[in-house]
Amino acid sequence: MRQSDALFQHTVALPQMIAELSQKVDLSSVGAIGVSAKPRPVEGSYMPCFLAGISAATSFSVAKGIPLVKTTHQQGHIAAALYATGDRCLFDTESLVFHVSGGTTDLLLCHGADTITPLGTSSDLYAGQAVDRLGVKLGFPFPAGQYVSEQAALCADDIRPKTSVRGMTCSLSGLENQCAKLLAEGKTPSYVCKYCLLCIAETLVCMANAALEQHRGVSVVFAGGVMSSELIRTYVTKRIPGAHFVPGKFASDNAIGVSILAARESHVWPTSSM
């Protein structure tokens, strides 16, 4: 979707979403409002679609006379993942966090969700893009992660994934070509979907092991929409002992994390009910 279209869709959807929220929550009890203001907490990070959220959040905070806490899409995912582990100490210690979605395949050294140091990433295609492109090629709606996962679950074949990882940097452009080749060779959609997801899983395992050689003893947390795949979660947790692989609702929706960060900034954490 073009950014202009995304901004339009967000602008149209937000008033209705707020109206629906008001029927479920007493908005008079809201003490602060958090909003993702940009994709990542780095200089120059910008996407126009975030302007719709900033506009709605600013209007609400001014009208209610409550604090507005600006954070980022990436920090929201990280905070949601840390919260979902059940270990609140992770908000005050170092951890290795993977943020894997349609726009990122990042390995980050985090101190809570406040200080983020990039360690590794994809040099070309992102994991979510590889999944979505395969899904669209197979005729599934976009975003296609759910449908690719459903297809993969139907395959009982033993698959050995291939990866392209150097240290903590990976390349996923070859995965797209490999999937296209497998389909051309007559492999079933379920086989190719399983192959795609397992290649991503093994890529993450290789990157995590490289990071743990330099940062021994720290927790490893996996976040982002791609991490809602049950197949990837099962594969990774068997190979990274003690890894935190959060439930899908925390991996795919960073609004939970944004609200947590707003609560912490407003000094009502951890007594706020989530």
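View 1. Arg-133 has 40% relative accessibility and so counts as partly exposed; here buried means under 20% relative accessible area, exposed over 50%, and partly exposed in between (1.4 Å probe, protein chains only). Helices (H or I, at least four residues) and strands (E, at least two) are DSSP runs, numbered from the N terminus.

A word on the model: it is predicted, with local features needing pLDDT of at least 70 and side-chain atom pairs counting only at pLDDT 80 or more, while totals for chains, interfaces and linings use all residues. Residues are numbered from 1 along each chain as its sequence is written, and side-chain values use heavy atoms, leaving out hydrogens and water.

**View 2. Asp-106 meets Arg-40.** Their side chains join in a salt bridge (3.9 Å, N to O). Asp-106 lies in strand E4 (residues 105-111) and Arg-40 in the loop between strand E1 (33-38) and helix H2 (50-64), so the pair ties together parts 66 residues apart in sequence. Asp-106 is buried at 7% relative accessibility, whereas Arg-40, at 34%, is partly exposed.

**View 3. Arg-264 pairs with Asp-92.** In this salt bridge the closest N and O atoms lie 3.7 Å apart. Arg-264 belongs to helix H10 (residues 255-265) and Asp-92 to the loop between helix H3 (73-84) and strand E3 (94-100), so parts 172 residues apart in sequence are tied together.

Note on methods: Salt bridge = Lys/Arg side-chain N within 4 Å of Asp/Glu carboxyl O.
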